Protein chains: 2
Amino acid sequence: MTETIHIGNSALQEIDELLRNRAFSKVVVLVDDNTLAHCYPRLKDYLPEHSLIQIPSGEEHKTLQTCELIWQRMTELNLDRWAVLVNLGGGVIGDMGGFCASVFKRGIYFVQVPTTLLAQVDASVGGKTGIDFHGLKNHIGVYQEPQAVFIDPTFLQTLPQRQVKSGYAEIIKHWLIADAEAFQTQRNIGLFTEDWEALIRHSVHIKSEVVTADPLEGGYRKVLNFGHTVGHAVETYLMQQPGRELLHGEAIAVGMFCEAYLSVKKELLSKEELDKIETFLVSVYEKVSIGEDDIEKIAQLALQDKKNTRSTINCTLLQSIGKAVYDQAITLQDIQESLRYYQLL
Amino acid sequence: MTETIHIGNSALQEIDELLRNRAFSKVVVLVDDNTLAHCYPRLKDYLPEHSLIQIPSGEEHKTLQTCELIWQRMTELNLDRWAVLVNLGGGVIGDMGGFCASVFKRGIYFVQVPTTLLAQVDASVGGKTGIDFHGLKNHIGVYQEPQAVFIDPTFLQTLPQRQVKSGYAEIIKHWLIADAEAFQTQRNIGLFTEDWEALIRHSVHIKSEVVTADPLEGGYRKVLNFGHTVGHAVETYLMQQPGRELLHGEAIAVGMFCEAYLSVKKELLSKEELDKIETFLVSVYEKVSIGEDDIEKIAQLALQDKKNTRSTINCTLLQSIGKAVYDQAITLQDIQESLRYYQLL
């Protein structure tokens, strides 16, 4: 697990300390157009002398081609193995920057400074790095822990509401798989909170515990995939349809609907608990329109998902709110049925 | 370290055993044009049902573009994480196949079946995988051990003499850094041997001991870089000059000349031992013609070498035959001087 995850409004002071105390040969900051404009100004006061690598914003740039640009710049900067890459951004920057650092000269150091809620509670914890490949999400990547993660909730003020809701989906997921009480409490409060720092800290704690128990996803870590078998396929499919793209958490919200439904179908979850989950998700997320034509293609895409074994599709389902079970075999037909159910809500 | 390295004429029977006993979901064999024609016919009787991925032969294809083709084929074959890639070939196939497997879906299994002497005594041992990037050797890669390595000396019969000599350079290197007695013995015998299996076994043993002591090249493993600081630069430079390309070991032989010379210059090695090394290398390798124009460019290329720290150039030198010392600072001028010395031989 990550040695040190710093959470709070003073997290950036701690990055300052790390970068000055450790004898890194060079400090390079990876930004996209958005984080250069909105987040870098806040971070830069805490950095020693450094160089910038800038890439375009957006999941469509999480590709091998962008990696090539990053490696080209790293080469021009003459980075050696004692250099450190500071990934300032959301999941795309963290995942792709982590991957680029992990394979450049067989691995240089990197630290994560996640700037979206999604990256703060999910992508920055657990050592998964990667890029998309021919439209398949995180198809190429490695497991590699960063030197440290610095989570400053202040960055959330720079985010549009839609981005915040996207990250919130992973927080909800953490409750659904591991903390029934937090889910019940939050149901009464709704989306908005005064205290993001506490929510983030709790969510990071849940994820860290799971990842520490099973870093390479041999088994138990798969509980984190709840909502992701269907959700990833929905996300991948709509990414290829201009104007219909979803944010990651929006797709995962659809996936959680579908997989909660399948949990009832497989007689794991009670209908009452499904209702509670649905009510809460509906209060936060707008419905995504998915037609009959889409449904077949989404189900086929799910087959190509990384988390499958052999030619069956394994999925994480809920036994109850707060308890997930992994490696539950579901069929293409199950996925189609769940998406039809979602459309009828 | 590699759990299991099988060496001998019955090594392929052991791959049969591994592939049948382990529950891999699919077996895929990576070949190039040469190994498909000359080595695959011998291997295929020992394989269960499998698919082939074929790439063109040659170091010039050890690129990101070829990786893309391999990943594309892996995706089409619908490989999941329990698949295994069998890398049948020389260093290019082993390094690139190992890299492709290590990052596909964040890592599938792979085994190495090295078919050149070079790959048998060097590339297949030690967990280094990688590809060239913009002409820089092994610039992108990871450390990842294969499931197993199967070394069948019978494959050497398919090799041209020039390829055998190339691999022999790494065997000589292993003696120079770790076994003075073997070097002395072999000086009397010369290149040709009746018993490749024993030579390979001894060489793999030396390399394994070094790698086990320091898997991630934090320090001691750097002794294996003897001959490679100058040698890599020579290889990279001449790779870009049509008609002048060298095999890896041929370049490393030049590098060993130069770095043995620098070992004397730095007052580490005696002149008498340098003479012995030179005499032996001259008996095996033809001189490579390197002009004054080349020398400057080669020295500059060495600066971009992975093994450098900060802006000094660290190099592994010899204290005596059989004993190497790493992290010896040398200058651009030193490299140029050593190449000029080599030209005067």
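**Close-up 1. Helices α4 and α5 of chain A, packed against each other.** In this predicted model, α4(A) (residues 64-76) and α5(A) (residues 91-103) pack at about 55 degrees, with their axes 10 Å apart. Helices here are DSSP runs of H or I with at least four residues, and strands are E runs of at least two, numbered from the N terminus. Axes are lines fitted to C-alpha atoms, for helices over the stretch in contact, and angles run from 0 to 180 degrees between N-to-C directions. That angle makes α4(A) oblique to α5(A) (under 35 degrees is roughly parallel, over 145 roughly antiparallel, 65 to 115 roughly perpendicular, and the rest oblique). The crossing is right-handed, with the near helix turned clockwise from the far one by less than a right angle. On α4(A) the contact uses A:Thr66, A:Cys67, A:Ile70 and A:Trp71, and on α5(A) it uses A:Met96, A:Phe99 and A:Cys100 (C-beta atoms, placed from the backbone, within 7 Å). By class that's six nonpolar, one polar and no charged residues; Ala, Val, Leu, Ile, Met, Phe, Trp, Tyr, Cys and Pro count as nonpolar, Asp, Glu, Lys and Arg as charged, and the others, Gly among them, as polar.

**Close-up 2. Helices α10 and α11 of chain A.** Here α10(A) (residues 228-239) meets α11(A) (residues 248-265) at about 135 degrees, axes 7 Å apart. That makes this pair oblique, and α10(A) passes α11(A) in a right-handed crossing. Among the contact residues are A:Val230 and A:Val234 of α10(A), plus A:Ala251, A:Ile252 and A:Cys258 of α11(A). The class tally is six nonpolar, five polar and two charged.

**Close-up 3. Where chain B touches chain A.** Each chain puts in its share: 30 residues from chain B and 30 residues from chain A. On the chain B side, the elements giving two or more residues are α4 (64-76), α5 (91-103) and β7 (136-140). The largest share, five residues, comes from α4(B). This side has 10 nonpolar, 13 polar and seven charged residues.

**Close-up 4. B:Leu88 in the largest nonpolar core.** The core has 211 residues, and B:Leu88 is one of those with the most contacts inside it. Such a core joins buried Ala, Val, Leu, Ile, Met, Phe, Trp, Tyr and Cys residues through C-beta atoms within 7 Å, buried meaning 20 or more other C-beta atoms within 10 Å of a residue's own. Leaving aside neighbours within four places in sequence, B:Leu88 contacts residues including B:Leu30, B:Tyr40, B:Ile93 and B:Val113.

**Notes.** Residues are numbered from 1 along each chain as its sequence is written, and chains are lettered from A in the order in which they are written. Local features need pLDDT of at least 70, side-chain atom pairs count only at pLDDT 80 or more, and totals for chains, interfaces and linings use all residues.

Technical notes. Two residues are in contact if their C-beta atoms, placed from the backbone, lie within 7 Å. A residue is buried if 20 or more other C-beta atoms lie within 10 Å of its own, exposed if 12 or fewer, and partly exposed in between; C-beta atoms are placed from the backbone.
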